[in-house]
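We will stop at a pocket and then at the cavities.

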Amino acid sequence: MTEIPETEPRVTQRAPGDILKHARQGKNLSIAAIATQLNLDLRTVEALENGDLSKLPAPIFVRGYLRGYARLVDVREDDVLAAYQALAPQEPAPRAVSMAHRPMRPAFLIPSIPWRGLLSGVVLIGLVLLAMEIGPQILDRLTSGDTTESAPATGLALPVPTGEAVTDELPQSMPATDNLSLALPEPTPSAVDDLQSPAIEEIEPTTPSDIDFGVPSAADTEVVAVAPVLPPDQVQLDINFISDSWVEIRAADRSKLVFGLLRKGEQRSVTGQAPISVLFGNASAVTLKVNGEMFDYAQFTNGNIARFTVPVQP
Amino acid sequence: MFGFKRILGMFSNDLSIDLGTANTLIYVRGRGIVLNEPSVVAIRQDRGPGGPKSIAAVGLEAKAMLGRTPGNITAIRPLKDGVIADFTVTEKMLQHFIHKVHEGRVFRPSPRVLICVPCGSTQVERRAIKESAAGAGAREVYLIEEPMAAAIGAGMPVDEARGSMVLDIGGGTSEVAVISLNGIVYSASVRIGGDRFDDAIVNYVRRNYGTLIGEATAERIKHEVGSAFPGNEVREIEVKGRNLAQGIPRSFTLNSNEILEALQEPLAGITGAVKTALEQTPPELGSDVAERGIVLTGGGALLKDLDRLLMEETGLPVVVADDPLTCVARGGGKALEMMDERGGEVFCVE
């Protein structure tokens with residue numbers, strides 16, 4: 001009892017029991033009086049004052065008891081609860097609008113892992129589909145636009161005859177294993193010679209000329225890349241939407257190029273293998289360019305629905 | 001189509017909804033309480049009676065319209081006494097709230113939903129709630145009894161082999177239950193809640209002051225000066241209402257003792273329910289309750305000194321849960337997590 005005045009200044013660091021005990025003694029109340037007022041057992045009140053958590057029930061009850069006790073002895077409830085929080089920090093303090101920004105539990109802790117797997121699977125499939133969609137376009141651009149890229153390819157293509165020699169030798173050596181010892185040493189020196197000497201000789205003279213050649217040509221192709229780059233069986237469609245319209249565009253192999261409701265102001269540019277079948281649900285709201293030229297599909301329009309193929313087939 | 005819904009479900013969160021008479025709260029797993037709005041819908045009906053109806057406002061916005069609407073708009077509370085009174089409007093309201101929680105998502109939300117129902121509700125009422133949630137886009141709907149959710153949300157040790165008594169005072173109903181080993185041993189529901197408190201205040205003011213006040217005013221009086229037990233200080237509030245004799249709005253002052261008097265009848269109903277529950281509780285569990293006490297949850301627990309009234313009436317310790325208003329929704333969220341951890345539908349009812 002004597003140390004109480006000493007501990008008084010450190011209000012924030014005191015245990016909740018000490019704060020309450022001190023206030024109770026200040027009011028000249030006995031533990032029994034508190035217990036009667038709160039309808040609690042004497043030993044529960046003692047445990048509260050001594051901070052003996054093992055003798056107390058679940059934290060929700062303890063917080064309630066502390067609140068009631070604090071009210072009885074005119075101590076601020078928040079002080080006591082904060083002190084209790086410090087004593088038993090493993091209990092997270094519930095908040096008024098609680099835990100609204102609590103971080104998500106790590107995904108792997110949630111037992112429904114297959115869901116996450118499935119999700120990533122769906123994303124993967126989506127990516128593959130996207131690649132299939134974009135892939136041909138990128139390939140087109142690579143094969144048509146970049147002559148610098150194709151130059152080393154032709155440089156490597158030149159020693160093809162020597163390469164053929166290698167590939168010719170291999171099938172022979174595969175079935176007849178006894179030929180292996182004879183077959184292998186023969187082609188390898190020649191192939192290495194062929195690959196090293198002529199290929200390097202060829203690449204060295206060709207690359208400078210190719211680069212000289214390639215740089216302006218690449219610049220040229222960029223300018224005209226839109227139309228003439230397309231292979232003959234490919235058609236490019238540029239579609240502008242003046243108003244919302246349903247659109248279904250399918251390539252020759254019936255794969256969907258555009259499928260869905262497109263909004264006012266949107267633009268689409270698709271390239272696909274001819275003949276492309278086109279359907280506009282709101283034909284008057286769409287303008288179409290085929291390979292960069294305006295295309296009039298009025299003759300195929302029936303009640304504002306246009307259905308036709310590009311190029312036009314009789 | 002079940003596969004499609006499941007895939008959509010991966011883009012939605014699990015929700016626990018406390019579909020209350022007064023307020024609807026939504027707890028999103030991993031995010032906490034994200035929505036707390038009054039269960040009020042304002043419906044606009046154009047071109048006279050029989051014309052097309054549309055939703056004018058939902059939630060807070062609609063509550064501000066209660067009792068202040070022009071002829072073509074009606075602000076209604078689609079739930080009464082904890083159960084659905086207007087099926088279509090409830091469905092629309094749920095749909096609105098679920099969308100609000102999933103705002104900014106590309107896909108139509110299709111969450112798993114756990115909804116709390118009063119333990120006194122009938123099969124028909126439960127089915128109505130289930131179908132209403134399914135109609136609002138839920139992929140799966142589970143129901144949990146309100147006192148169970150409240151106890152879990154309050155942090156009571158429901159899984160222990162010890163009796164815990166919880167009293168959840170909502171807007172329309174008050175539920176009292178004794179829980180042990182994750183199950184409800186005894187439960188009772190009385191159709192007394194915050195709304196009845198408001199009605200009692202309206203009636204009291206009409207009787208004693210000859211003045212008519214609205215529900216919203218009554219609620220404000222309850223929040224500011226309402227109490228359940230005579231206190232040391234007397235608080236006052238200035239109120240305006242229509243004087244019945246003169247027919248014009250008049251201003252007058254009410255104090256906390258008058259409101260205490262006004263609330264006597266509904267409070268007696270609640271203490272009566274608690275006493276009955278204590279009578280009906282098996283003695284072993286009753287002694288556990290007597291040792292640890294009764295836990296108060298729900299918006300009604302915020303009524304000043306309600307715990308003291310119950311302490312006096314029952315002679316047992318009574319504690320108010322932390323953040324009592326959100327206990328049920330938080331408890332539902334925890335129950336969802338427990339269901340995932342342990343598998344099966346531990347707390348769910350049909």
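How much space lies in the largest pocket? About 980 Å³. This is a predicted model, where local features need pLDDT of at least 70 and side-chain atom pairs count only at pLDDT 80 or more, while totals for chains, interfaces and linings use all residues. Residues are numbered from 1 along each chain as its sequence is written, chains are lettered from A and ligands numbered from 1 in written order, and side-chain values use heavy atoms, without hydrogens and water.

On a 1 Å grid over the protein atoms alone, a pocket is an open set of points with protein on both sides within 12 Å along at least five of seven lines; a cavity is a set where a 1.4 Å probe fits but cannot get out; lining residues have an atom within 4 Å of a point. Points are joined across faces, edges and corners, and a volume is the space filled by probe spheres set on them.

Select Ala22(B), Asn23(B), Glu219(B), Lys222(B) and His223(B): of the 46 lining residues, these are the closest to the pocket's centre. Next, colour α7(B), which gives the most to this lining, with seven residues. Helices (DSSP runs of H or I, at least four residues) and strands (E, at least two) are numbered from the N terminus.

Now for the cavities: the whole structure has two of 30 Å³ or more. For the largest, about 50 Å³, select residues including Phe229(B), Arg235(B) and Asp305(B).

Finally, move to chain A and select Pro16(A), Leu48(A) and Tyr84(A), among the residues lining the second largest cavity. Its space is about 40 Å³.
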